[in-house]
Amino acid sequence: MPKWPVLALAALVVIAFVLWRFLPGTQSPAVVVYVSHDQVFSEPILRDFEKETGIKVRAIYDTEETRSTGAMNRLIAEKNNPQADVYWANEPIRAEVLRQQGIAAPHLSRNAEGIPASFKDPNGYWTGFAARARVLIVNKNSGAHPDSVLAFTDPKWRARTVIANPLFGTTTTEIAAFFVLWGNERAQAFLDALKTNGIKLSPSNGDSADLVASGEFAFSLVDSDDVVSRLRQHLPIELVYPDQGAEGLGCFLVPNAAVLIAGAPHPDFGKKLIDYLLSKETEAKFAGSDAAQIPLHAGVEGPPELQPIDKVKTTQVNYAEIAAKLQAIQPFLKRWVESGS
């Protein structure tokens with residue numbers, strides 16, 4: 001057989017591949033990620049990943065109002081036909097829910113070394129990185145000096161406090177932690193006391209922080225990045241780490257979490273993205289940006305407004321227990337919210 005038809009065929013194959021790979025509208029290497037972290041902060045990280053690896057990212061973002069819940073419910077609905085490769089959770093509890101429901105797959109990333117064991121699943125079903133602290137934001141002109149979450153039940157602050165809707169986001173996570181640490185009876189009594197004391201529910205942590213900064217409310221329980229953002233705007237607020245005393249629960253930490261999806265369409269690309277998210281370089285980017293995340297890797301400098309995690313008394317929790325409790329208390333929380341405040 002003459003050589004030239006074989007060479008011509010090989011050339012056509014190469015040309016076809018180049019057209020498929022690079023022309024507009026053609027398929028290229030891609031990883032699909034569902035993202036619960038704020039798009040304004042997560043999108044630049046994903047764009048950097050694209051530039052450094054050549055792997056295109058298709059990202060689907062949660063809204064502020066359905067933070068975490070929307071993406072998690074979508075992944076559960078797609079369990080038998082996975083569409084995503086990675087879930088970038090803005091907290092580990094819903095990542096753990098996915099593990100418990102068989103939706104997560106294990107990936108022991110080399111970049112997980114150095115991240116404390118308490119912030120990752122031991123078998124690699126999820127790994128935490130770049131944390132926020134749940135802190136009190138206090139209006140300096142309010143005369144309030146809360147040092148504990150229990151301050152929300154103090155009658156002198158009746159109708160002067162606000163929290164985000166506990167059906168969504170990190171507020172749900174922390175309340176589930178209260179149920180684990182205090183038990184159901186005490187935790188329910190605490191929430192009932194909030195209602196009795198006229199607490200206001202807002203759509204999100206950001207809204208709560210704005211209401212405190214404006215002086216409409218005295219204080220709230222929000223994520224540390226919400227406070228840092230408003231400190232940098234020179235608004236009249238201060239950040240308080242709650243429950244730091246000997247008998248206090250400590251400050252609840254909420255790391256981001258990276259999850260590989262079981263049956264992912266592009267698992268190799270998914271693993272590369274997770275490795276990138278867990279790197280010290282990514283944590284440094286988060287810490288140095290307006291996202292103001294607290295690094296979990298030792299030796300990575302954090303935001304100047306925040307204490308390193310080893311300088312703060314933190315809540316000692318088991319995220320797997322909190323995940324199970326979060327699912328169990330949903331009916332109660334729904335009734336609590338719908339009954340008005």
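Which residue forms a salt bridge with Asp-290? In this predicted model, where local features need pLDDT of at least 70, side-chain atom pairs count only at pLDDT 80 or more, and totals for chains, interfaces and linings use all residues, the partner is Arg-232, with the closest N and O atoms 3.2 Å apart. Residues are numbered from 1 along each chain as its sequence is written, and side-chain values use heavy atoms, with hydrogens and water left out.

The term salt bridge denotes a side-chain nitrogen of Lys or Arg within 4 Å of a carboxyl oxygen of Asp or Glu. Helices (H or I, at least four residues) and strands (E, at least two) are DSSP runs, numbered from the N terminus. Asp-290 is exposed, with a relative accessible area of 51%, while Arg-232 is partly exposed at 29%. Here buried means under 20% relative accessible area, exposed over 50%, and partly exposed in between, with a 1.4 Å probe and protein chains only.

A search of the whole structure finds 16 salt bridges. Another of them joins the side chains of Asp-48 and Lys-285, at 3.0 Å from N to O. Asp-48 belongs to helix α2 (residues 39-53) and Lys-285 to helix α10 (residues 280-288), so that this pair spans 237 residues of the chain. Asp-48 is partly exposed at 23% relative accessible area, and Lys-285 is partly exposed at 29%.

The side chains of Asp-223 and Arg-134 also meet in a salt bridge, at 3.0 Å from N to O. Asp-223 is in strand β8 (residues 219-223) and Arg-134 in strand β5, 89 residues apart. Asp-223 is buried, at 4% relative accessibility, and Arg-134 is buried as well, at 0%. Salt bridges that share partners join Arg-132, Arg-134, Glu-174 and Asp-223 into one network.

Strand β5 (residues 127-139) leads on to the pairing around strand β10, to which six bridges join it in an antiparallel arrangement. Two strands are taken to pair if DSSP finds at least two bridges between them. Within this pairing, Ala-131 has Pro-255 of β10 as its bridge partner. Strand β3 (residues 86-89) also runs antiparallel to β10, joined by four bridges, and Tyr-87 stands opposite Val-259. Strand β4 (residues 104-105) is joined to β10 by two bridges, again antiparallel, with Ala-104 opposite Ile-261. Strand β10 (residues 253-261) is itself mostly covered, as nine of its nine residues are buried.

A nonpolar core is a set of buried Ala, Val, Leu, Ile, Met, Phe, Trp, Tyr and Cys residues joined through side-chain atoms within 4.5 Å. The largest such core has 80 residues, of which Tyr-87 and Leu-191 touch the most other members. Helix α11 contributes the largest share of this core, nine residues. A second, separate core of 24 residues includes Leu-260, Leu-273, Ile-274 and Tyr-276.

On a 1 Å grid over the protein atoms alone, a cavity is a set of points where a 1.4 Å probe fits but cannot get out, whereas a pocket is an open set with protein on both sides within 12 Å along at least five of seven lines; lining residues have an atom within 4 Å of a point. Grid points are joined across faces, edges and corners, and a volume is the space filled by probe spheres set on the points.

Three cavities of 30 Å³ or more are found. The largest has a volume of about 100 Å³, and its lining includes Arg-134 and Leu-191. Helices α5 (169-182) and α6 (184-196) are the elements that give two or more residues to this lining. The second largest cavity has a volume of about 70 Å³, and Glu-174 is one of the residues that line it.

The second largest pocket has a volume of about 210 Å³. Of its 16 lining residues, Ile-294, Pro-295, Val-300, Pro-308 and Ile-309 lie nearest its centre.
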